[in-house]
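Me: Hi! Could you walk me through this model, starting with the overall picture and then the ligand site?

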Amino acid sequence: MSRDNEASPQTTSQAYIALGSNMGDREQMLRQALLALQEHASINVLRVSKVYETDPVGYTDQSAFLNMAALLETTLAPMPLLRAMLQIEQQLGRKREVRFGPRTIDLDVLLYEDVRSDEEELILPHPRMMERAFVLVPLHDVLQPGHSLQQQVGQAANRALQDGGEGIALWNTINWQDASAPSES
Ligand SMILES: Nc1ncnc2c1ncn2[C@@H]1O[C@H](COP(=O)(O)OP(=O)(O)OP(=O)(O)O)[C@@H](O)[C@H]1O
Ligand SMILES: Nc1nc2c(c(=O)[nH]1)N=C(CO)CN2
């Protein structure tokens, strides 16, 4: 990894994450995960995508997912950020059973600045993100204008939505106020 394990407290980094749920009250799970991330002292949720209902990919004998993405700002280095996310999964009752199988909540780090990592515990960029329409469509909603992946992600997302064949449908929009932004008076 091209970054130290502990970022200095002053360094603020941006990370894109994916959220998914296909068990229980799926939308509530996503909302609770966002709130838990926001409540973390070292994480600020800057932007959230729309919520999409998506057909299961990989292991297909399971219920439809709700998927979304978020842009975070954090003073945590990549590995501590992943550990904080895994802890939130645990708090929300995630049990690890079938690989690619049903889950109350799944939180993945897609991108952390331009960090590349091939450590098994944290691979960056996420190794399967560019082949997953359920990741690319919401990621396109939150990607900063001018991001190096904007065109590639945009094309893939538009294709997935136009075809309708990739089993992705708009579910809902979550209003999210960036807590660090000055409030309008
Ligand atoms: N970029 C990443 N984001 C999240 N977890 C990662 C990443 N790279 C490696 N991992 C490791 O993968 C492990 C398994 O993650 P998880 O259970 O979420 O996989 P999965 O959801 O079944 O599959 P997928 O990763 O394809 O979505 C985690 O414990 C984590 O250490
Ligand atoms: N639609 C959809 N399919 C999946 C998902 C997911 O989040 N959405 N997660 C998986 C495990 O990583 C496997 N398959």
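**Overall picture**

Reply: Happy to! Of the protein's 185 residues, 47% are buried, where buried means under 20% relative accessible area, exposed over 50% and partly exposed in between, with a 1.4 Å probe and protein chains only. This is a predicted model, where local features need pLDDT of at least 70, side-chain atom pairs count only at pLDDT 80 or more, and totals for chains, interfaces and linings use all residues. Residues are numbered from 1 along each chain as its sequence is written, chains are lettered from A and ligands numbered from 1 in the order in which they are written, and side-chain values use heavy atoms, with hydrogens and water left out.

Me: Thanks! How many helices and strands does the protein have?

Reply: There are 4 helices and 8 strands, taken as DSSP runs numbered from the N terminus (helices are H or I, at least four residues; strands are E, at least two). From the N terminus on, the order is β-α-β-β-β-α-β-β-β-α-α-β.

Me: On to ligand 2. Which residues come nearest?

Reply: Thr54, Asp55, Val57, Phe65 and Asn67, out of 11 residues around ligand 2; a residue is near if one of its heavy atoms lies within 4 Å.

Me: And which polar atoms sit by a nitrogen of ligand 2?

Reply: A polar side-chain atom of Thr54 is 2.7 Å from a nitrogen atom of the ligand. For Asp55, a backbone N or O atom lies 2.7 Å from a nitrogen atom of ligand 2. Asn67 has a polar side-chain atom 2.9 Å from an oxygen atom of ligand 2. Alone, ligand 2 exposes 340 Å², and the protein buries 96% of that (Shrake-Rupley method, 1.4 Å probe; for residues, only the protein chains shown count as cover).

Me: Switching to strand E2: why is E2 largely enclosed?

Reply: Because 5 of the 6 residues of E2 (residues 43-48) are buried, the rest of the structure largely encloses this strand. E2 runs antiparallel to strand E4 (residues 65-74), with 5 bridges joining them; strands pair if DSSP finds at least two bridges between them.

Me: Is Thr74 buried or exposed?

Reply: Thr74, found in E4, counts as buried at 1% relative accessibility.

Me: What does the side chain of Thr74 reach at 2.9 Å?

Reply: The backbone nitrogen of Leu76. A polar atom of the Thr74 side chain also lies 2.8 Å from the backbone oxygen of Ser42.

Note on methods:
Polar contact = N/O pair within 3.5 Å; in protein donor to acceptor, adjacent residues only side chain to side chain.
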